[in-house]
Amino acid sequence: MKRNTTIRTKASIKAFKDESLKNTTAFSKSSKTLPKIQFIATYPPRECGIATYTYDLKNALENKFDRCFDIKICAVESNTESHTYITEDVNMVLNTDDSESFRTISDKINSDKDTKIVMIQHEFGLFKNNEETFITFLKDITKPVIIAFHTVLPHPNKDLEKNVKDLVAVAKMVTVMTKSSSDLLNNTYGVPLDKIKIIPHGTHLVKHQDKAFLKEKYNISDRKVIATFGFLGPGKSIETTLDALPAIIKVHPTIMFLIVGKTHPTLFNNEGDAYKDFLQQKVEALKLENHVSFVNKFVPLSELLEYLQLSDCYVFTSKDPNQAVSGTFSYAVSCGCPIVSTPIPHATEVLQQGNGLLFDFGDAAQLAEKVNKLLDDDALRHDMKMKGLHTSAATSWENSAISHAQLFSELIKKSFKLKYKKPEINLNHLRAMTTDIGVIQFSKINTPDIDSGYTLDDNARALIAACDHYKITQSDADLKLIETYANFILKCQRDNGLFLNYVDKDKKFTKQNEDENLEDANGRAIWALGYTYYLMEEDVDLDATLLQNILFAITQFNLKIHLFKSPRALAFAIKGLYFFNVKLNNTKIIGIINNLANKLVDLYNFHSEETWNWFENYLTYANSVLPEALLYAWKATGELKFKAIAKETFDFLLSKIFKKDSIRVISNQSWLIKGFDEKLILNGGEQPIDVAYTILALKQFHQAFPSKGYDDKMEIAFSWFQGNNQLKQIIYNPCTGGCHDGLESSNVNLNQGAESTISYCLARFAFEDIV
């Protein structure tokens with residue numbers, strides 16, 4: 001049976017997207033000028049830590065936000081360090097050895113009405129030849145200045161103390177990367193805490209890969225691996241690890257030490273490869289040739305992250321006790337690599353979470369002892385890995401971009417609002433979670449946990465998401481997913497017409513089905529099957545047999561629906577039957593929808609009061625599906641009371657979960673009970689599924705009431721996934737395409753299970769033109 005509607009072909013979709021792109025481009029050219037943020041920093045192709053940092057931060061800001069800022073780079077150079085820049089990102093070049101260059105740049109910045117903020121990525125060595133001129137330059141700038149201190153030195157002499165105080169005096173705000181740096185600025189230099197913002201060094205999100213696979217890829221299978229990386233120089237004290245290796249080899253004879261990186265360009269210009277030659281001579285003297293490998297190059301990011309993931313331990317041997325922060329250290333933490341480090345402030349602060357070990361500067365014997373301890377204990381390394389991943393999650397470049405953008409918006413003011421850019425649609429993690437049986441229930445970080453088995457709930461949601469994605473892409477690969485999920489649901493139905501929910505990895509129903517009320521799961525199954533039956537065309541998208549089996553399954557279930565009492569089960573069933581009947585136009589089904597909706601109305605009439613317009617005495621989970629279902633019931637039956645109650649209850653719900661420009665859905669740790677003080681509700685326990693259901697409902701209410709602001713709330717709700725939440729951290733992981741499992745009181749649950757990932761997909765697809 002076919003719907004009398006127009007089906008978009010792949011060619012028509014491409015034409016539609018091409019036309020949309022033209023319109024977007026035209027809009028971009030005609031829209032107003034964006035506020036310009038002028039970075040003053042080193043920048044690629046210069047090879048140094050600050051250049052890499054600036055590049056990563058700029059990319060993160062531009063990827064995270066939609067036409068909020070125009071970020072430009074004033075590249076810092078000197079007489080001995082100059083480069084050709086092939087990108088439009090660089091609009092100025094400052095030669096720190098040339099006093100006139102400072103005056104030229106300040107004049108350009110001051111005369112540019114679009115420049116709203118100047119941000120200096122500061123390292124003392126960059127301006128050491130012209131410090132007074134640099135401070136005069138900052139005083140001359142009439143725009144708000146932010147100084148990002150990459151190093152804060154303790155025990156300053158009078159000149160250094162004056163230099164830092166002069167810098168801070170001209171700055172509107174300063175940023176540092178660690179609490180210890182903030183404390184130093186406050187206690188040693190007298191900088192007030194309200195002028196300091198801590199924004200940790202950004203870390204790259206990593207799609208975690210199997211260690212054994214990576215070791216085989218780099219031809220070091222069956223070996224324990226320790227590694228260090230970064231530009232080589234005496235300050236790294238890599239010889240400390242070489243001195244420790246003989247003692248490590250005695251316990252772990254297969255050990256391999258990877259030294260990843262080349263000589264620092266500035267050092268190379270002055271001394272050549274003298275330090276690397278010294279290390280190689282030491283390797284020969286200690287007869288370590290079979291245990292040390294130099295990767296002598298500036299390693300691309302993807303390759304570097306693989307080296308760190310295959311390593312069993314990362315050694316950080318810097319001999320500078322005043323080194324405030326290390327980008328290389330941050331990379332290792334983000335890869336979940338257990339760390340043995342000297343006690344620089346950054347390491348001391350980060351490793352107190354238990355994700356590494358400290359040893360004294362230059363103490364090779366102590367280093368060997370710590371490394372051996374780690375390599376001997378698989379459980380300890382795994383524990384450190386997990387703690388490291390949780391520590392670094394909050395410091396991802398995406399979260400760093402959010403912190404910087406908030407700072408910029410505070411300084412720009414004038415009702416400036418951040419607009420988050422919607423990520424490209426990415427089904428990679430959903431596909432990785434899917435076997436030929438169905439979608440796996442849980443994931444350990446981004447690795448599917450097959451032992452967790454499968455659920456009807458997850459496969460029902462996955463079926464809806466796959467149908468939506470197919471209508472966007474017309475991809476044959478999506479049809480395979482649709483068939484997999486639909487067949488899983490159909491196999492869960494028993495002879496009595498009802499569905500079981502829990503299936504183990506061996507395709508057997510578990511005892512859990514006997515211990516739990518499965519009404520809500522049954523309702524979700526009907527929602528998914530009804531939606532699929534409506535959206536898919538017989539013998540065009542899916543074969544007739546599968547669609548007929550769906551028709552039969554829904555018909556059998558309808559014989560039992562009158563027994564259901566759960567309001568959410570009723571609501572899910574209404575949604576599914578609405579779509580199902582758009583295709584069938586059957587008066588009996590309209591009657592069923594009417595009866596189910598009246599049950600919800602009865603609940604509303606029983607529980608609602610003047611200040612409590614709801615169906616129950618509490619708000620729990622999946623709340624928005626209840627008013628949304630009544631809206632569908634109105635569309636199916638034309639009964640106006642359904643529409644009126646739908647709007648009244650939905651607006652009541654929105655008043656409880658929207659605060660200004662953000663959403664905070666009901667916590668699964670403390671439901672909102674009628675008469676309970678809302679201020680006492682615990683933080684945390686916010687689930688992606690509740691945000692997604694709210695977005696789906698907002699879309700329907702916007703269509704029914706187009707001038708009531710529901711579309712604006714849709715955007716706000718979706719920004720919860722992107723970091724507009726109480727922790728200001730991303731929930732969606734653009735690296736994997738997965739979604740983290742929840743927002744807790746002080747951290748994000750890093751696991752990316754099926755429910756969360758599919759919920760994000762449903763929310764993301766709601767902004768596409770599907771139905």
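Guide: Let's begin with a word we'll need: a residue is buried if its relative accessible area is under 20%, exposed if over 50%, and partly exposed in between (1.4 Å probe, protein chains only). This is a predicted model, where local features need pLDDT of at least 70 and side-chain atom pairs count only at pLDDT 80 or more, while totals for chains, interfaces and linings use all residues. Residues are numbered from 1 along each chain as its sequence is written, and side-chain values use heavy atoms, with hydrogens and water left out.

Now the charged pairs. Side chains of opposite charge can pair when their charged atoms come close. The cut-off for a salt bridge is a side-chain nitrogen of Lys or Arg within 4 Å of a carboxyl oxygen of Asp or Glu, and the count here comes to 31 salt bridges. One of them joins Lys-113 to Asp-114, with the closest N and O atoms 3.4 Å apart; Lys-113 is exposed, at a relative accessible area of 63%. Another links Lys-297 and Glu-303 at 3.1 Å, N to O. Lys-297 is partly exposed at 36%, whereas Glu-303 is buried at 16%. There's also a network of salt bridges that ties together Lys-58, Glu-62 and Asp-89.

Asp-166 is partly exposed, with a relative accessible area of 21%, while Lys-162 is exposed at 52%.

The axes of H5 and helix H4 (residues 131-140) come within 9 Å and cross at roughly 15°. An axis is a line fitted to C-alpha atoms, for helices over the stretch in contact, and angles run from 0 to 180 degrees between N-to-C directions. H4 and H5 are therefore roughly parallel to each other (that label covers angles under 35 degrees; over 145 is roughly antiparallel, 65 to 115 roughly perpendicular and the rest oblique). From H5, the contact involves Asn-163, Asp-166, Leu-167 and Val-170, and from H4 it involves Glu-131, Phe-134, Ile-135, Leu-138 and Lys-139. Contact means heavy atoms within 4.5 Å.

For a contrast in angle, look at helix H14 (residues 364-376) and helix H15 (residues 378-393): their axes come within 5 Å and cross at roughly 95°. H14 and H15 are therefore roughly perpendicular to each other. Lys-373, Leu-374, Leu-375 and Asp-376 of H14 make the contact with Asp-378, Leu-380, Arg-381 and Met-384 of H15.

Last stop, a sheet. It's an open one of three strands in the order S14-S15-S16, with antiparallel pairing (two strands pair if DSSP finds at least two bridges between them). Its edge strands are S14 and S16 (502-503), each pairing on one side only. S14 (residues 440-444) and S15 (residues 447-455) share four bridges, and Ile-440 stands opposite Tyr-454 in S15. In their hairpin, with two residues between the strands, Ile-445 takes a positive phi near 55°. On the other pairing, two bridges join S15 to S16, and Thr-455 faces Tyr-502.
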